[in-house]
Every structure is written in structure tokens, then in C-alpha cells.
Amino acid sequence: MRLVTYALDGHTYAGALLDETVVDLSDAGDVLRILSDPTARDRANSLFQVRTRVLPLRNVRLLAPIQPRAIIGIGLNYRDHVRETGATVPSAPIVFAKFPNAIAGPGETITWRAEVARQVDYEAELGVVIGKPCRNVHPEHALEYVGGYTCVNDLSARDLQFADGGKQWVLGKTLDGFCPVGPAITTTDEIPDPQGLDIRCLLNGEVVQCSNTREMIFDVRTLIAHLSRYMTLMPGDLIATGTPAGVGMGRVPPRWLQDGDLCTVQIERIGALTNIMRVEHP
Ligand code: ZN
């Protein structure tokens with residue numbers, strides 16, 4: 001299933017995408033519940049088969065499929081991206097944080113003030129949503145703890161991220177709305193192996209990033225095992241697994257997001273996450 005959270009008449013519901021419709025799954029609980037509770041998952045599966053309540057996609061508004069407790073970013077996880085940034089290939093995953101204020105839904109307008117950030121960049125990434133508590137797990141078993149996969153745009157204000165000689169990653173990563181996520185979370189039965197997915201970023205329709213998740217330096221199972229050595233991962237936690245080459249900062253001259261830009265992250269078997277960029281001038 002491709003799980004979504006949708007809004008209708010001031011309420012939010014869980015659903016699953018089916019062509020141009022949403023099958024309502026709200027009797028099974030919210031998306032977090034469906035991902036983390038096997039009984040709720042079974043209920044959702046049967047609701048999806050029965051299709052009692054089916055709504056045209058155009059009649060609802062999709063929201064971020066989940067509101068994560070923790071958003072864990074991984075830096076420099078594709079070789080070609082490491083090259084374009086002039087960095088060296090890391091010996092262990094580079095871990096940083098984004099906070100829940102950064103979560104935004106599909107179609108949402110992302111607004112920042114020009115006086116705060118002028119060098120805002122896109123980063124298409126595979127998002128891993130944890131499905132059950134996970135602590136000190138072996139890589140071989142790590143994928144058993146995944147609830148599903150989604151698209152993430154790890155928006156990054158480079159002028160903040162690299163202030164003071166590169167010591168400011170977090171501030172540049174977690175402005176309000178700087179973590180668009182969605183449109184859906186595809187469950188693991190539909191993506192048994194997360195390392196063969198085509199991933200692209202389109203800026204106003206032009207392809208600016210084009211890669212495949214098999215190009216990751218540290219694959220999803222290694223990332224989960226690594227993180228779970230140090231912290232207990234909880235259901236709904238989101239891991240943004242790093243971006244391939246083609247970001248604005250790697251271009252000559254650099255290409256920063258502009259007011260009115262339409263930015264889309266597209267991943268095979270998940271869907272397309274599009275957001276509009278808005279720069280406020282005082
Ligand atoms: Zn990133």
C-alpha cells in the first residue's frame with residue numbers, strides 16, 4: 001500500500017492511494033498506527049481490499065503522511081555528491097538532525113525570509129520510516145524494522161549550514177518547512193529491497209538530480225544498524241538517507257532556489273513530492 005494522510009472538511013484521515021483515488025483506511029487508525037501495529041495493518045489491508053469509501057484524489061488534500069518524533073539526516077551518502085561538494089568519502093555515516101517544525105506536506109508552499117537565508121538548496125532523498133522499536137540491531141535484520149519508504153526533500157540553507165567554516169549544519173537544515181515529505185509511505189511488501197530505486201529531482205520540470213538508491217555509500221540496512229547502536233529508533237522516526245549529485249551548490253555558478261520555483265522529488269514506487277518555494281522580502 002501507498003499510505004497517505006489526507007484532509008477533508010477539517011478532519012484528517014489515513015488512506016491508501018489507488019490510481020487517482022484515495023481508499024479510506026481511517027477505521028484502522030492513523031498512518032503511524034498502521035505502520036507500527038500488526039493488527040491495525042491487517043485491518044488496513046482488508047479495508048483496502050473492500051474499498052468501502054473511495055474518494056477522488058482531487059477532492060482531498062494530502063498532508064505529510066506522518067509527523068515524525070525524530071528526523072535523522074545522513075550527509076554525503078552518494079559518491080558523486082561527495083565529489084561535487086569537494087568533500088572526502090566518509091568512513092562512517094554523517095549524522096545530523098532536522099526537527100518536527102521542518103515537516104511539510106506535498107503541495108505545500110515552503111516560505112523563508114530572504115534576510116534569514118539566501119542560498120537555499122534542494123536535496124532529493126529516500127526517506128525510511130521506522131515501523132517498530134529498534135535498538136542495536138544487526139544489519140542483516142535491520143530492514144525488518146522498516147515500516148515503509150517515502151520521498152524527502154532535505155531543503156538546506158547553505159549560507160547557514162556552512163557558516164563558521166561548516167560547523168552549523170543543523171540550523172541550515174531545519175528552518176520551518178525545510179523537510180517536505182510524501183506524498184505517500186510505500187509499505188515494505190511493495191519495496192522489499194530499497195537499494196534499486198530510481199530517484200530524481202526536478203526543478204520547474206527540468207531534471208537536476210537523477211540517480212538510483214543503489215549508489216548509496218552506506219545502504220539502508222547499514223544506516224539503521226549504525227544509528228541503532230547509539231539510539232533507540234522508534235516507530236515513525238524518519239531517516240533521510242542522503243542525496244545524489246546535482247544539487248544547486250555543486251553547480252557553476254551555484255543555483256539557489258528562487259521565489260516561485262517548483263521543486264519535485266520523484267522516487268520509483270513511491271511517487272512525486274512537489275512543493276512551491278516562496279521567498280519573503282522585508
Ligand atoms: Zn541531505
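## Overall form

Helices, of at least four residues, and strands, of at least two, are runs assigned by DSSP and numbered from the N terminus. The model described here is predicted. By that assignment the protein has eight helices and 19 strands.

The C-alpha trace spans about 55 × 45 × 25 Å along its principal axes. The radius of gyration is 18 Å, which agrees with a compact globule, because a globule of 282 residues would have a value near 19 Å. Of the 282 residues, 54% are buried.

## The nonpolar cores

The largest nonpolar core holds 51 residues. Trp112, Tyr149 and Ile224 have the most contacts inside this core. Elements that give two or more residues to the core include the strands E6 (71-75), E9 (109-113), E11 (124-130) and E12 (146-153).

For isoleucine 224, leaving aside neighbours within four places in sequence, the contacts are Val128, Ile130, Cys134, Val137, Ala142, Val146, Leu233 and Ile239.

## The zinc site

Three residues coordinate the zinc ion at 1.9 to 2.0 Å: Glu123 and Glu125, each through OE, and Asp154, through OD. Along the chain the spacing of these donors is E-x1-E-x28-D.

The pair of glutamate 123 and aspartate 154 links distant parts of the chain, 31 residues apart. Glutamate 123 is in the loop between strand E10 (120-121) and E11, while aspartate 154 is in the loop between E12 and strand E13 (156-157). Both glutamate 123 and aspartate 154 are buried.

Strand E18 pairs with E15 in the antiparallel sense, over five bridges. In this pairing, leucine 203 has cysteine 263 of E18 as its bridge partner.

E18 and E19 also run antiparallel and are joined by six bridges. Leucine 262 has its bridge partner in E19, namely isoleucine 276. The hairpin of E18 and E19 has three residues between the strands, and arginine 269 takes a positive phi near 70° there. In a regular strand, side chains alternate between the two faces of the sheet.

Threonine 5 has its place in strand E1 (residues 2-8). Its relative accessibility is 15%, so threonine 5 counts as buried, the cut-off being under 20%. Beyond neighbours within four places in sequence, threonine 5 is in contact with Thr12, Tyr13, Val31, Arg61, Leu62, Leu63, Ala64 and Pro65. The C-alpha atoms of threonine 5 and proline 65 are separated by 4.7 Å, although the two residues are 60 residues apart along the chain.

Alanine 14 lies in strand E2 (residues 11-18). Alanine 14 counts as buried because its relative accessibility is 3%. Leaving aside neighbours within four places in sequence, the contacts of alanine 14 are Val4, Tyr6, Val23, Asp24, Leu25, Ser26, Gly29, Asp30, Val31 and Ile34. Alanine 14 and methionine 234 are 220 residues apart in sequence, and their C-alpha atoms are 20 Å apart in space.

## Histidine 81

Histidine 81 is found in helix H3 (residues 79-85). With a relative accessible area of 4%, histidine 81 is buried.

Not counting residues up to four places away in sequence, histidine 81 touches Leu76, Thr243, Pro244, Ala245, Val247 and Met249.

Methods
Residues are numbered from 1 along each chain as its sequence is written. This is a predicted model: local features need pLDDT of at least 70, side-chain atom pairs count only at pLDDT 80 or more; totals for chains, interfaces and linings use all residues. Side-chain values use heavy atoms; hydrogens and water are left out. Buried means under 20% relative accessible area, exposed over 50%, partly exposed in between (1.4 Å probe, protein chains only). Contact means heavy atoms within 4.5 Å. A nonpolar core is a set of buried Ala, Val, Leu, Ile, Met, Phe, Trp, Tyr and Cys residues joined through side-chain atoms within 4.5 Å. Donors are N, O and S atoms within 2.8 Å of the metal (3.2 Å for Na, K and Ca); water is not among the atoms, so sites may look incomplete. The radius of gyration is taken over C-alpha atoms; the globule rule is 2.2 Å times the number of residues to the power 0.38. Two strands pair if DSSP finds at least two bridges between them.
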